[in-house]
Number of protein chains: 8
Amino acid sequence: MSFTYNRLDKDNVAVLLVDHQAGLLSLVRDYNMDEFKNNVLAVADIAKFFNLPTILTTSFADGPNGPIVPELKETFPDAPLIARPGQINAWDNEEFVQAVKDTGKKQLLIAGVVTDVCVAFPALSALEEGYEVFAITDASGTFNPAVRDAAWNRMSQAGVQLMNWFAVGCELHRDWRNDIEGFGAILANHLPAYANLIQSRTAAENG
Amino acid sequence: MSFTYNRLDKDNVAVLLVDHQAGLLSLVRDYNMDEFKNNVLAVADIAKFFNLPTILTTSFADGPNGPIVPELKETFPDAPLIARPGQINAWDNEEFVQAVKDTGKKQLLIAGVVTDVCVAFPALSALEEGYEVFAITDASGTFNPAVRDAAWNRMSQAGVQLMNWFAVGCELHRDWRNDIEGFGAILANHLPAYANLIQSRTAAENG
Amino acid sequence: MSFTYNRLDKDNVAVLLVDHQAGLLSLVRDYNMDEFKNNVLAVADIAKFFNLPTILTTSFADGPNGPIVPELKETFPDAPLIARPGQINAWDNEEFVQAVKDTGKKQLLIAGVVTDVCVAFPALSALEEGYEVFAITDASGTFNPAVRDAAWNRMSQAGVQLMNWFAVGCELHRDWRNDIEGFGAILANHLPAYANLIQSRTAAENG
Amino acid sequence: MSFTYNRLDKDNVAVLLVDHQAGLLSLVRDYNMDEFKNNVLAVADIAKFFNLPTILTTSFADGPNGPIVPELKETFPDAPLIARPGQINAWDNEEFVQAVKDTGKKQLLIAGVVTDVCVAFPALSALEEGYEVFAITDASGTFNPAVRDAAWNRMSQAGVQLMNWFAVGCELHRDWRNDIEGFGAILANHLPAYANLIQSRTAAENG
Amino acid sequence: MSFTYNRLDKDNVAVLLVDHQAGLLSLVRDYNMDEFKNNVLAVADIAKFFNLPTILTTSFADGPNGPIVPELKETFPDAPLIARPGQINAWDNEEFVQAVKDTGKKQLLIAGVVTDVCVAFPALSALEEGYEVFAITDASGTFNPAVRDAAWNRMSQAGVQLMNWFAVGCELHRDWRNDIEGFGAILANHLPAYANLIQSRTAAENG
Amino acid sequence: MSFTYNRLDKDNVAVLLVDHQAGLLSLVRDYNMDEFKNNVLAVADIAKFFNLPTILTTSFADGPNGPIVPELKETFPDAPLIARPGQINAWDNEEFVQAVKDTGKKQLLIAGVVTDVCVAFPALSALEEGYEVFAITDASGTFNPAVRDAAWNRMSQAGVQLMNWFAVGCELHRDWRNDIEGFGAILANHLPAYANLIQSRTAAENG
Amino acid sequence: MSFTYNRLDKDNVAVLLVDHQAGLLSLVRDYNMDEFKNNVLAVADIAKFFNLPTILTTSFADGPNGPIVPELKETFPDAPLIARPGQINAWDNEEFVQAVKDTGKKQLLIAGVVTDVCVAFPALSALEEGYEVFAITDASGTFNPAVRDAAWNRMSQAGVQLMNWFAVGCELHRDWRNDIEGFGAILANHLPAYANLIQSRTAAENG
Amino acid sequence: MSFTYNRLDKDNVAVLLVDHQAGLLSLVRDYNMDEFKNNVLAVADIAKFFNLPTILTTSFADGPNGPIVPELKETFPDAPLIARPGQINAWDNEEFVQAVKDTGKKQLLIAGVVTDVCVAFPALSALEEGYEVFAITDASGTFNPAVRDAAWNRMSQAGVQLMNWFAVGCELHRDWRNDIEGFGAILANHLPAYANLIQSRTAAENG
């Protein structure tokens, strides 16, 4: 059986950030909060760095679910921010689907809270519509690792590809020579262990 | 390869609760007991909320396996409760299969104890009969996480979809506007972290 | 070196519940939320069952920390509820200390959120004042197990005794014959595994 | 896509126990040794209970790998015991394959040490030959859980079904009424938690 | 500060086995059940091997707590078996304390279910009475590791020594030459990894 | 035995940050790197907020150990930064000890990499000199949790108190009214879960 | 559906070792460093033992990523060592692909750092080109187990086979008689538990 | 209470390596075998580097316990190697105690297999004799982490100090300037992560 590697192509990708809201984040317990916050902001920086069209959406932001994470709003001041009036699956919201279509992209990167609902539902819907769908695993969180495993399984068996933010960034960038400093800055800011390497190297060279 | 997202449809779903019995529950060690009890009762509340036809069954309830969890009996006083005289796979019991057929539904939500037997066996049998089968992962328990992983793998490779109770509830509900208070009450009762959000929000608004 | 076993004595115990507030609970990640909620309510039921004088206190309940868990307020409608205007260590609040003194008890059971601050600080202060202090470990929560270990170590080295809620209840009760049904009901409500035993036993006897 | 549930059929099953040798067992570290020994002996008791043709094989039993676990030899005194002169994959040994063919069965249950080699290799070979292959996960052990996960993945993706010993026993037995005492004895001997249930039940009935 | 190493002395030790009952065992979740059963029976074999006076006691054995583990009764047919009518702390039962005194021993080995109550309470009481007290950690079980840690801490800070069954056996035996075969048999029966070593050695010598 | 609670007193505390160097940080594996970096920077912000005299030191910063974490240098531009020429225990460096003495403080907060050496050695030395010593557990890292446990044990048994950064901040601040905004900002920046609470509260109040 | 077991064939395999560089190794945290180093060197010894054509490649070895692990260079002094000028996916480097083609092999064993990028990307590319691809799981490392799980899933769903180094060695060797001493030496050097077996056996035979 | 920091003094230390035998090592399961072997050899290298008098002892080396690890014998060809004829506690062997006394040292570093017996027993005996005793935690292994915790607790409460090999080496060395290359070589050989730092640094300087 032949395999086609449909790589992430920065000219063909849109990013969907679903329900990263202050209240809902308190439900996320399959990641340490410091790590999870860092991962979500890394995705935001990657989307901005590659100028990927990005769509934000929230569910009941004026209730217990809480407002959208402010850093996301600040990073994407001009992005569509669709406050869904009730649809749990973002793909059930016509405005959201239209925003996706308007990007003209065929590869969708989806991250959200919680993984088993806010990521899995639109991921499966988009897959059915013919999109290539990639769930950003570590910028999506849920109640515990067992729920995560089940949600990953459901998506993966349907055809969704699972990728962490670092792999997403690398597959989009493809070649360091496209922008060494810009991409290096993202790693330095979001991978403390990589920042250490840079500092040690610089010190040694200047030593 | 094209994908069809056969979503849970509240008009086409039946719920099968298999062998949640007082004795057998002592075998469940892949979940904390407080958490597991809560998950099982959450499924019951969801089934009731959506008026899903629900079938209960037990194995040797008058022996070491023990009586059915009383809350289940109370929540579904009129549901078929099939005391199997010996069949381990509930689907080998004609009365049980007939009860499933009588619901007229094509999507089956199955939870039970233990996952690798009481859930996996009827799930595979139902799949063979042409049903769409969904195992409710966190309302099903077994001896340890390694056994669970193997059971999930076997079911998943056959085509069973793995879903946690929260995702089940959300996929059935689809839109909060269908009943904000009713669905919110289920979450408040079974997700302490969500109850906290509601309380904080209410306090802030009244503050 | 001789050892004196100063057992919990139901006539000499007061209970201090510190900062179990809806917002602060979202910081607790060393326990599963279902389990933790159950543990806190078990302590409340024990305090009520033994008629132990109980003191509630909150920190900034009208801000992000959120309101006190409603079940606690309902269980202890007449208990002192001291809203501290700013003191982090409850023992720095004179009203709180006075309420403790007013109980006339010398053994203090303390539970709270977060363990390393809201439990450890008043525990150490009370110890210095000559009280026998017992931290209820599993009704107190904090950021992660490593923080918990350090907080337990600090308290324990100072002389605080670490006890889980079940041990607290048993050490207070001493003899089942004092009230079999009453104490059994607490276990049945808060230990699902024990409820299973009761149900199986009853079924067998009635079988 | 239609699914056929090829259930274990006690009249069509052979059991292959590969390299459960005293030396090799010291390599197994994905299971507690008490648990693992119990699991292997449970499989042996199941094979004997259902009179399943069973084939034993060892690799270099007269060297560091050590002799076969004595309980296996005792349980199957008349079973073929093939001491392979060097082949790592048991299926590369003609005598072994012939012994399998001689059973005339089409379903193979395989357990062994280590999972990634002694189980995976013959499992994949047998699959290629057209057998239905089931790996008994918890009677097979290896270096650590990460190696186990990779080996399970490789087998599962090829079509091997993963089953724990309890599920194997139940799928073979199908109906308790076939032999309540005999099957109950296996559970009582190999599931301490089930033995407890039986003892409690008996005591209650005699109480 | 000088230290005296009061070693276990087989002529000065009594063994207290508290509440190893079929029902209560279902509460034990800090050990795998196969492992825990093995540990308890290892303690029994050690007590018998060294002819240590042994006292059994149960709590409400005719209710949900269930009957004593049958192997214990069989191993110690003539030992005092004190069915406590209600006292939770066995040391509150005069018959039990008298039985301990009647042994004339000053070193007490205590194991039981659950650690935080059935072990910790009599351990602290005995310590207060001047006994040297040793808790057998791995033949005592409780709800989860966090409860265990707190119970160990409370006992240890009071002066109870924590020892696993293997260390207990070795400290009692002191010198293999006292009985190589007898002590070796205990290890072979209860340490599968040690049985493997013996089998490999014997095979090599016979090889 | 009476107990004195020598609380952290912001007028009597100095902070020692030992060997937080880019190379050495790669040895730290008992914390997630995102979490650890956050913890170290939280300590720095606390030291600055309370104007605590702070001493930085490094070991072979011009070799493989690498340069000091740049954020620390930036936060404390005027702090003593003692580059030790070879002493492993910072307390063996006279300049370092003099710097500590020059602060005139009697309570020392120590954090460093790695816990078992760079923290434990000076902590024990300072304790011997009569200082009250507090190890900041979560801003100190080492090879793995087992090494950490041993190092904590050694320090704790000697009299070092173990505190996490959050508890340090709270014990220093004592009363929110001293500076609600300033202290709140530290929490918002270093406790993502607390930031979420603030955002939700603000949104609710503005809602 | 028929299955073909394309076993590793030593005459048809090439080995690709991607980015095992001193700096990048500090990012690997899903394995203990002692274990990981051992695994990588075991792969090198296996490649050498079977004379497998081996290709080394590095990414920015003269920057923070650091130089290639020296033992690899020493083991393969004549192997192609391709310093990629910027391509993240080694398969995007023509020289690398040419080196692979020049081997004339159709089975590729790939290991590298980090798994989700340096292994997954060329693995998927090679698969697309029609190679049979095997990822050596335990000689490939990444940030944490959750990232590893996602990367394994992505590769496995595409058709990459997951194998640990021990299984790779065994599948290549097939029969101990091909070279007992040579293969035994690899195990003795890289499996301490196996070295123990050999030593015990030798001692027993000489005893 | 004043504290004296009795630091390890290379002129006053002897090393006792107890029962690191090929058979017994198969019982060690609280450490990964690669890691454990490395730790034991690191201790040997440290002992040799500082010319510390070292005593080896074995228990029944000509039986299932197996021969001493050969690397230890090679590193210390002239060290006393006491084959105990039966004493489990090495301190019960007069020859062993005499060998310790002959060193004239007052600080004893002890490592062995298994921690709870072969380390704990002589550690407590030596403590009673007035020695300062240090258990090398990570060069000592046992059945599982729970057994380890209990053994550490028993030793620590008696006054034994717990130290890992890295801390031992650093406390003995005190100042890098005493021998930078020699001590660096030990770290490079036994801390792969440190070796990486050295390689990166060297490359950068040569870059």
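Biologist: What makes strand 2 of chain D and strand 3 of chain D a pair?

Modeller: Strand 2 (residues 54–59) and strand 3 of chain D are joined by four bridges, in the parallel sense. Two strands pair if DSSP finds at least two bridges between them.

Biologist: What should I know about the model itself?

Modeller: This is a predicted model, where local features need pLDDT of at least 70, side-chain atom pairs count only at pLDDT 80 or more, and totals for chains, interfaces and linings use all residues. Residues are numbered from 1 along each chain as its sequence is written, chains are lettered from A and ligands numbered from 1 in the order in which they are written, and side-chain values use heavy atoms, without hydrogens and water.

Biologist: What makes strand 3 and strand 6 of chain D edge strands?

Modeller: Chain D has an open sheet of six strands, in the order 3-2-1-4-5-6, with parallel pairing. Strand 3 (81–84) and strand 6 (161–163) of chain D each pair on one side only. From one strand to the next, the twist averages 25°.

Biologist: Why is one side of strand 3 and strand 6 of chain C left without a neighbour in the sheet?

Modeller: In chain C, six strands form an open sheet in the order 3-2-1-4-5-6, and the pairing is parallel. Strand 3 (81–84) and strand 6 (161–163) of chain C stand at the edges with a single partner strand each, so one side of each has no neighbour in the sheet. The twist in this sheet averages 25° from one strand to the next. Strand 6 of chain C has strand 5 (residues 132–136) as a parallel partner, over three bridges. There, C:Ala135 stands opposite C:Leu162.

Biologist: Which strands of chain C does helix 6 of chain C lie across?

Modeller: Helix 6 (residues 165–173) of chain C lies across strand 1 (13–18), strand 4 (107–112), strand 5 and strand 6 of chain C. A helix here is a DSSP run of H or I with at least four residues, a strand a run of E with at least two, both numbered from the N terminus. Helix 6 of chain C runs at about 100° to strand 6 of chain C. Axes are lines fitted to C-alpha atoms, for helices over the stretch in contact, and angles run from 0 to 180 degrees between N-to-C directions.

Biologist: Why is D:Ala120 called buried?

Modeller: Buried means under 20% relative accessible area, exposed over 50%, partly exposed in between (1.4 Å probe, protein chains only). D:Ala120 has 2%, so it counts as buried. D:Ala120 sits in helix 4 (residues 115–128) of chain D. Leaving aside neighbours within four places in sequence, D:Ala120 is in contact (heavy atoms within 4.5 Å) with D:Thr115 and D:Met155.

Biologist: How do you know that A:Ile68 is buried?

Modeller: The relative accessibility of A:Ile68 is 12%, so the label is buried. A:Ile68 lies in the loop between strand 2 (54–59) and helix 2 (70–75) of chain A. Beyond four places in sequence, the contacts of A:Ile68 include A:His20, A:Leu56 and A:Leu81.

Biologist: Why is G:Arg7 called buried?

Modeller: G:Arg7 has a relative accessible area of 18%, so G:Arg7 is buried. G:Arg7 is in the segment before strand 1 (13–18) of chain G.

Biologist: What makes the link between G:Arg7 and D:Asp92 a polar contact?

Modeller: A polar contact is a pair of N or O atoms within 3.5 Å; within protein, one must be able to donate a hydrogen and the other to accept it, and residues adjacent in sequence count only if both atoms are side-chain atoms. The side chains of G:Arg7 and D:Asp92 are joined at 2.5 Å, so the distance meets the cut-off. Among the other contacts of G:Arg7 are D:Asn89 and G:Glu171.

Biologist: How many residues of chain G and chain A take part in their contact?

Modeller: Chain G gives 34 residues and chain A gives 35 residues. The area buried between chain G and chain A is about 2,800 Å², with 59% from carbon and sulfur atoms. Buried area is the accessible area (1.4 Å probe) that two parts lose on being put together, summed over both. In chain G, the residues losing the most area to chain A are G:Pro64, G:Ile88 and G:Arg154, together 21% of what that side buries.

Biologist: How do you know that chain B and chain G do not touch?

Modeller: No contact joins chain B and chain G, and their closest C-alpha atoms lie 12 Å apart. Chain C and chain G do not touch either, with their nearest C-alpha atoms 18 Å apart.
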